[in-house]
Amino acid sequence: VSVLYWPVLPATPMWLGHALWAWIVWAWGILVGSKEEVKQVESVEESKEVKEDVKRVEELRGVVPFKYKKGKETCVVHLVRHGEREDHTNKGWKGKYKDDPPLSKKGLSQAKDTGAYFAFEAVEKPVVVISSPFFRTLQTAGEIARPLKCPVCVEPGLSEFLCSRSFKNDPKLNPRVPDGVQIDHSYTPVLDTLPKHPEKEASAVERFLHVVSTIADRNPHAIIICVTHRFGIASLVESCLSRIRSAAKRPINYCSITALIRRPPTRSNPERSWAYKDEVASVAHLVESSSIYFKR
């Protein structure tokens, strides 16, 4: 023991060396313990901040869980944004119909992933696939409808928001039907024609809400898949949230899925209303998920 203290305390008695060594060990334990306590406090504070951040992100994304009793009549509408546009990935793209670009190669892949997802989910229920008349949405709807072995219904009421910022005049759409897409000509659209240009934001929000609500009421027991555009999905999300926030600023990713539930009327609320089923703008089904989104 004396050898242990010799390099540090060469001229001190053994008992004093023991005392000093014990004091050093005690002080070191206090110092390390205080550091551990600080770390624990910091970790608790950090976890609180993380929870607050997650809650804030969920509010921004509109993740509003909806609990409903089994046996109640509910209708689920799956809102799907079209896949990636060719003119967004290829800046040099110049087509005959500049207001109606097709999907990019990645956009087609996204649409196929979405079709595979619905083919797995849609079991023992009739499926209705309804699409905006724009070429990219018809392509996306075709890839979704193919594995489901059902035709595509064309609904002008689900078309793009025709604001003056995005369109100088009435859009000229490609009259050609995408390859492999089977159109259901027996379908009666809610709106016979495209909205009048220029369209105001409030009118567009009202249009989307009216069209999707009518589609849901027509098909209360079917799996409804509406392939439309970013603004239309965002406007319905904002309507469900009942918040004063511009739908033009809400991110909706390419080929994302937003499931809305058409709730039945109740005594307290005699009119049918909307609520979320799961998550807004989910891309979990895509092989290559991307957080990139664009305004159109």
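Biologist: How many disulfides are there in this model, by the rule that is applied here?

Modeller: The general idea is to look for a pair of cysteine sulfur atoms within 2.5 Å. In this structure, which is a predicted model, that rule gives a count of 0 disulfides. Cys 153 illustrates the point: Cys 153 takes part in no disulfide, and the nearest cysteine sulfur, belonging to Cys 150, is 8.0 Å away.

Biologist: Is Cys 153 buried or exposed?

Modeller: One reads this from the relative accessible area, where a value under 20% means buried. Cys 153 has 5% relative accessibility and therefore counts as buried. Cys 255 is also buried, since its relative accessible area is 0%.

Biologist: Let us turn to a histidine. Where does His 229 lie?

Modeller: The place of a residue is described by the elements on either side of it. His 229 is in the loop that runs between strand 4 (223-228) and helix 7 (230-241). With a relative accessibility of 0%, His 229 counts as buried.

Biologist: Which side chain is joined to that of His 229 by a polar contact?

Modeller: Such a contact is a pair of N or O atoms within 3.5 Å. Here the partner is Ser 132, whose side chain is joined to that of His 229 at 2.9 Å. If neighbours within four places in sequence are left aside, the residues in contact with His 229 include Arg 81, His 82, Phe 134 and Glu 160.

Biologist: Finally, how is a pair of helices read? At what angle do the axes of helix 4 and helix 5 cross?

Modeller: One considers the distance between the axes, the angle, the handedness and the residues involved. The axes of helix 4 (residues 105-121) and helix 5 (residues 135-148) come within 8 Å and cross at roughly 35°. This crossing of helix 4 and helix 5 is right-handed. Helix 4 contributes residues including Leu 108, Ala 111 and Phe 118 to the contact, while helix 5 contributes residues including Gln 139, Ile 144 and Leu 148.

Biologist: How many residues of this contact of helix 4 with helix 5 are nonpolar, polar and charged?

Modeller: The contact of helix 4 with helix 5 comprises 8 nonpolar, 4 polar and 2 charged residues.

Note on methods:
Residues numbered from 1 in each chain as written. Predicted model: local features only at pLDDT ≥ 70, side-chain atom pairs only at ≥ 80, totals over all residues. Heavy atoms only, no water. Helix = DSSP H or I, 4+ residues; strand = E, 2+ residues; numbered from the N terminus. Buried < 20%, exposed > 50% of the residue type's maximum accessible area, 1.4 Å probe, protein only. Polar contact = N/O pair within 3.5 Å; in protein donor to acceptor, adjacent residues only side chain to side chain. Contact = heavy atoms within 4.5 Å. Axes fitted to C-alpha atoms, helices over the stretch in contact; angles between N-to-C directions. Left-handed = near helix turned anticlockwise from the far one by under 90°. Nonpolar A, V, L, I, M, F, W, Y, C, P; charged D, E, K, R; others polar.
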